[in-house]
Amino acid sequence: MNRSTTALLPGIVLLAAIGYLGKLTEQTIAAYGRTHHQALPNIEYVLWAILFGLVVSNTVGVPRVCRAGVATYEFWLKAGIVFLGSRFLLGDVLKLGGLSLILVLIELAVSIAFMTALGRWLGLTPKLTSLLAIGSSICGVSAIIAAKGAIDADDEEASYAIGAILLLGAFSLFAFPAIGHALGMSDHLFGLWAGLAVDNTAEATAAGALYSDTAAKFAVIAKTTRNAMIGFVVLGYAIYWARKAKQREIGNKAAFLWQKFPKFVLGFLLISILSTVGAFSKPQLTDLANLSRWAFLLTFAGVGLQTNFAQLRKQGWRPLAAGAIGEFAIAGLTLVMLLAVNRTFGL
Amino acid sequence: MPQKVVLSLDWWSVIAALGAAAIVKLGFLPHVPW
């Protein structure tokens, strides 16, 4: 094992410990309810893992030695999504993906237009406005990082936008399931809503998982479709900013799109194809679904551990206000759109 | 000198997941509990 892999180990162990503690807490509460014949609310391990992570990150802080390993949570998220492909038949992926694509295109247009107008109104720098628009329309942090280089924004602008997206992501984890339950939304409808409106992939998956296992599946499909659009939106912005600065435009647009395309989507599709053609037996499919759960367990612990409220507060209120108003509006508009589609076509 | 190929996190997650799926398929892994 080389030195860089060894450096990741302490953080990965911390992710596993916090995630597993979350799972144990869920099981312990359920067992207590059973033995004492009490109907206790079933709080999923997802929420416990995030909460324990938040407590560590905002009290003692993540030890320096663990930071590199904790940052691997995105790796576990993507691996978990690839495994999740085993739970979808290819036909379902295409059907759901097609429906999600139409909804995503509407959501993209609405949120980019809204965030741009809002950024101008709040007097944010044009590049920060672009980053927030990209972050809230597609997929939060990775979209902002992809766009940062492409439109030549500075580090501070990127960290403002990332801070706003992360803080709102943490909020939506708690708000979305509560709203979903209050409106009596079906798993399918709620999953699509979480996937379309929650910005960061980890938070969108977690919000879905907090509602139900089925909702998590739909959230991942909608979110993955949204992620697949990242290249097109970033390319559009890159061309816009290059023209504005009279710089040389991007030469090979196909190469640019491929470079920005989230490759884990291909892994997800491949596993889904293999499952559809019967490459895996039933017990093997269960094993893959369980591997996906373990990978998400590490991811959710990482979501909590990566969120530090004191650091986010330092970012100033304007980007946060723009992000918050934008997110609420986008969440509301997406919800109305989904309810209308549900009523007309029956999801 | 040949150029060093650096794979992105995305590719690593795909490789790791497909590798694990292959191990499950070949039956090298006992049942994965949850």
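What share of the contacts in chain A with a separation of 6 or more comes from residues 24 or more positions apart? The share is 80%. Two residues are in contact if their C-beta atoms, placed from the backbone, lie within 7 Å.

This is a predicted model, in which local features need pLDDT of at least 70, side-chain atom pairs count only at pLDDT 80 or more, and totals for chains, interfaces and linings use all residues. Residues are numbered from 1 along each chain as its sequence is written, while chains are lettered from A and ligands numbered from 1 in the order in which they are written.

**View 1. The two chains and their confidence.** Chain A comes to 17 helices and 0 strands. Chain B has 1 helix and 0 strands. Helices (H or I, at least four residues) and strands (E, at least two) are DSSP runs, numbered from the N terminus. Of the 347 residues in chain A, 50% are buried. In chain B, buried residues are 15% of 34. A residue is buried if 20 or more other C-beta atoms lie within 10 Å of its own, exposed if 12 or fewer, and partly exposed in between; C-beta atoms are placed from the backbone. The model scores ipTM 0.88 and pTM 0.78. Chain A averages a pLDDT of 83, with 88% of the residues at 70 or above. Chain B has a mean of 83, and 82% of its residues reach 70 or more. pLDDT is the predictor's confidence in each residue, from 0 to 100. Within chain A, the lowest confidence is in helix α7 (residues 140–151), at a mean of 67. The highest is in helix α3 (residues 64–70), at 92. Where pLDDT is low, the predicted coordinates should not be read in detail.

**View 2. The nonpolar core of chain A.** The largest nonpolar core holds 100 residues. Ala49(A), Ala194(A) and Ala206(A) have the most contacts inside this core. Helix α15 (residues 282–306) of chain A gives the most to the core, with 11 residues. A nonpolar core is a set of buried Ala, Val, Leu, Ile, Met, Phe, Trp, Tyr and Cys residues joined through C-beta atoms within 7 Å. Beyond its neighbours within four places in sequence, Ala194(A) contacts Phe176(A), Ala204(A), Ala207(A), Gly208(A), Ala215(A) and Ala219(A).

**View 3. Helix α2 of chain A.** Helix α2 (residues 45–58) has 14 residues. From first C-alpha to last, α2(A) reaches 20 Å, close to the 20 Å expected at 1.5 Å a residue. The expected span is 1.5 Å times one less than the number of residues in the helix. The helix is mostly covered, with 11 of its 14 residues buried. Among them are Trp48(A), Ala49(A), Ile50(A) and Phe52(A).

**View 4. Helix α15 and Gly302(A).** Helix α15(A) has 25 residues and reaches 36 Å from its first C-alpha to its last, close to the 36 Å expected at 1.5 Å a residue. Of its 25 residues, 18 are buried. Gly302(A) lies in this helix. Gly302(A) counts as buried because it has 30 C-beta neighbours inside 10 Å. Not counting residues up to four places away in sequence, Gly302(A) touches Leu15(A), Gly53(A), Val70(A) and Tyr73(A). The C-alpha atoms of Gly302(A) and Ala321(A), 19 residues apart along the chain, are separated by 25 Å.

**View 5. Thr201(A) in helix α10.** Thr201(A) sits in helix α10 (residues 201–211) of chain A. Thr201(A) is buried because 29 other C-beta atoms lie within 10 Å. Its C-alpha is 8.1 Å from that of Leu77(A), 124 residues apart along the chain.

**View 6. Where chain A touches chain B.** Here 22 residues of chain A are in contact with 18 residues of chain B. On the chain A side, α4 (73–84), α14 (264–276) and α15 give two or more residues. The largest share, 7 residues, comes from α15(A). The chain A side divides into 14 nonpolar, 3 polar and 5 charged residues. Ala, Val, Leu, Ile, Met, Phe, Trp, Tyr, Cys and Pro count as nonpolar, Asp, Glu, Lys and Arg as charged, and the others, Gly among them, as polar.
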